[in-house]
Amino acid sequence: MRYLPKSPADREAMLKAIGLRSVDDLFAPIPAEYRLTRDLNIPRQMAESEIVDFFRQRSRENGEGYTSFLGAGAYAHYRPVIIDSLISRGEFLTAYTPYQAEISQGTLQSIFEFQTMICELTGMEVANASMYDGSTAAAEAVMMAVRLTGRRSVVVARSLHPEYREVLATYATHQGMPLSVAGFNDDGRLNLKELEKAITPETACVLVQSPNFFGTIEDVAAVAEIAHRHGAMLVVSIAEAVSLGIVEPPREADVIAMEAQSFGVPLGFGGPYCGVIATREKYVRQMPGRLVGQTVDKQGRRGFVLTLATREQHIRREKATSNICTNQALVALMVNIFMTVYGKVGLKELAKQNLAKTAYAAAQFAKHGKILFSGAPRFNEFVVQTSEDPGAINSRLLGHKMVGGLPLKKFYPELGNAALWCCTELTTRSAIDTAAGLIAESERSMRSSSVASSKEEDVEEVAR
Amino acid sequence: MPYPTDRKYTKEHEWIQVNGNSATIGITDYAQQSLGDIVFVETPKVGAELTAGKTFGTVESVKAVSDLFAPASGTVTEVNADLATSPEKVNTDAHGSWMVKLTLKNPGELDGLLSAADYEKFVAEEAGH
């Protein structure tokens with residue numbers, strides 16, 4: 001990103017033009033007692049070489065060459081080099097929102113293609129130009145269902161990402177939308193009996209994630225049947241977009257709210273990411289977010305334009321479909337390029353590799369720890385229960401330059417020493433084997449220490 | 001323009017034409033002019049209950065989405081199917097394009113509405129701003 005500073009001569013000329021002598025004179029209207037009369041307490045300016053050196057040193061403090069087994073809504077997939085070289089082009093990097101169609105055909109066309117590909121992947125009829133991320137997309141989709149049904153309560157699966165639930169709760173609390181949570185079975189899926197009990201004539205929608213937080217694929221058709229029978233809509237959240245390469249999309253859903261980060265968006269310490277909402281054409285007028293449409297100009301040539309904008313924040317205000325009036329254009333462009341470069345065949349292959357590596361990992365870990373939720377199919381994540389606290393195991397893994405699975409105690413305390421592990425196409429067999437080996441060691445030492453303590457008790461007994 | 005005297009008007013620019021116990025509702029020429037090209041009309045379903053003064057649908061043009069306010073309370077008996085295919089008819093003939101027919105619940109409510117002459121005066125004041 002370039003920075004074009006002004007020269008002292010430029011400043012002089014500007015001050016002269018407005019009849020002032022110094023920049024300080026510009027602040028004269030502020031009463032003297034409120035004006036700071038000393039320099040700000042910040043370090044002196046640095047030369048370019050010092051700045052480059054400073055950031056090089058800071059970046060060396062980051063861990064490099066680690067294998068991560070973390071998932072839980074943010075996935076480490078390979079990013080083809082072409083993504084960054086294309087999105088760095090000025091035409092894309094610094095372009096503003098395409099409000100003026102005449103000069104924004106390139107941007108609009110790329111967004112239109114993004115929407116089209118999302119529809120092809122999800123089996124929906126229309127998709128928007130992106131939302132902030134998967135969590136707000138889910139919350140927005142729920143509010144969409146509330147508007148469409150005229151009902152206010154929501155039933156949420158406990159197998160939905162806990163932080164997505166927190167985001168939804170923030171919106172729900174302040175908008176008077178009662179939330180009820182339905183638990184999960186031993187197979188990790190939403191408990192259908194609990195769901196039936198939780199739905200009332202006031203339920204606007206059921207919100208479920210698939211593959212869910214545990215990596216398990218939900219029985220979307222069964223959930224849809226129950227929701228629709230009660231006149232409620234079904235919103236399905238998808239956090240791992242790569243799953244769409246091989247898992248049947250939730251066609252029975254009324255609204256799909258997904259996170260597209262897996263498609264070429266860097267992990268970036270948590271963002272920026274790329275949410276998307278996809279739905280049926282009949283609901284398009286209640287769908288939040290920007291929408292690009294294809295049309296023809298006066299000469300009959302194809303063109304693209306932002307459409308249905310009258311539903312948006314700046315025009316409809318408190319009756320708008322959302323208070324958010326922007327999208328993640330550049331991040332969505334990364335997703336767009338990723339989908340284009342992989343294509344239908346590539347995405348399927350990518351998904352298969354994720355599935356295969358995870359299946360291998362689960363099989364290896366199963367020899368030593370307990371794999372939960374094995375009764376239902378899973379994609380690229382699984383939950384392992386160990387005798388030892390996962391935090392302790394993970395500390396040891398760090399010594400091998402590995403980041404272990406996410407300990408689940410703070411979200412699901414009843415699962416005890418459980419952790420959520422994720423394998424992607426980037427996870428190597430040797431990393432999996434090493435991790436499995438460390439878990440094996442952990443289990444052995446836990447067993448022998450419990451054996452040792454029981455042996456001590458025997459000795460005491462004999463001594464008495 | 002002279003507004004048809006066979007009906008009454010609201011300050012939200014709807015007109016209501018009464019026939020015995022049933023009534024027909026639409027929007028005025030002033031409304032269609034202010035809105036611009038109309039692209040979509042959102043109407044309630046047959047059987048829906050309207051409450052006088054409350055919103056019962058929307059009119060969407062290229063530049064805005066406007067709420068429709070019920071001039072009187074009642075039950076919807078018919079919805080104009082033309083609106084779905086040719087919403088632009090509301091622009092070309094606002095007073096001839098009806099939106100919703102209903103059975104009136106409380107005909108007395110109409111007494112509080114504007115006559116054609118009062119509405120014309122009201123519009124002239126609005127336009128004057």
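In S3(B), Ile27(B) is the bridge partner of Glu14(B). The model is predicted, so local features require pLDDT of at least 70 and side-chain atom pairs count only at pLDDT 80 or more, while totals for chains, interfaces and linings use all residues. Residues are numbered from 1 along each chain as its sequence is written, and chains are lettered from A and ligands numbered from 1 in the order in which they are written.

Helices (H or I, at least four residues) and strands (E, at least two) are DSSP runs numbered from the N terminus; two strands pair if DSSP finds at least two bridges between them. S2(B) and S3(B), the latter covering residues 22–27, pair in the antiparallel sense over six bridges. Two residues separate them in a hairpin, where Gly20(B) in the turn has a positive phi of about 65°.

S2(B), residues 14–19, also pairs with S1(B), residues 8–9, in the antiparallel sense over two bridges. Here Trp15(B) in S2(B) is the bridge partner of Tyr9(B). This hairpin has four residues between the strands, and His13(B) takes a positive phi near 70°.

Chain B comprises four helices and nine strands, in the order β-β-β-α-β-β-β-β-β-α-α-β-α from the N terminus.

The C-alpha trace spans about 35 × 35 × 20 Å along its principal axes. Of the 129 residues of chain B, 35% count as buried, meaning that 20 or more other C-beta atoms, placed from the backbone, lie within 10 Å of the residue's own.

Key: Buried ≥ 20, exposed ≤ 12 C-beta atoms within 10 Å, placed from the backbone.
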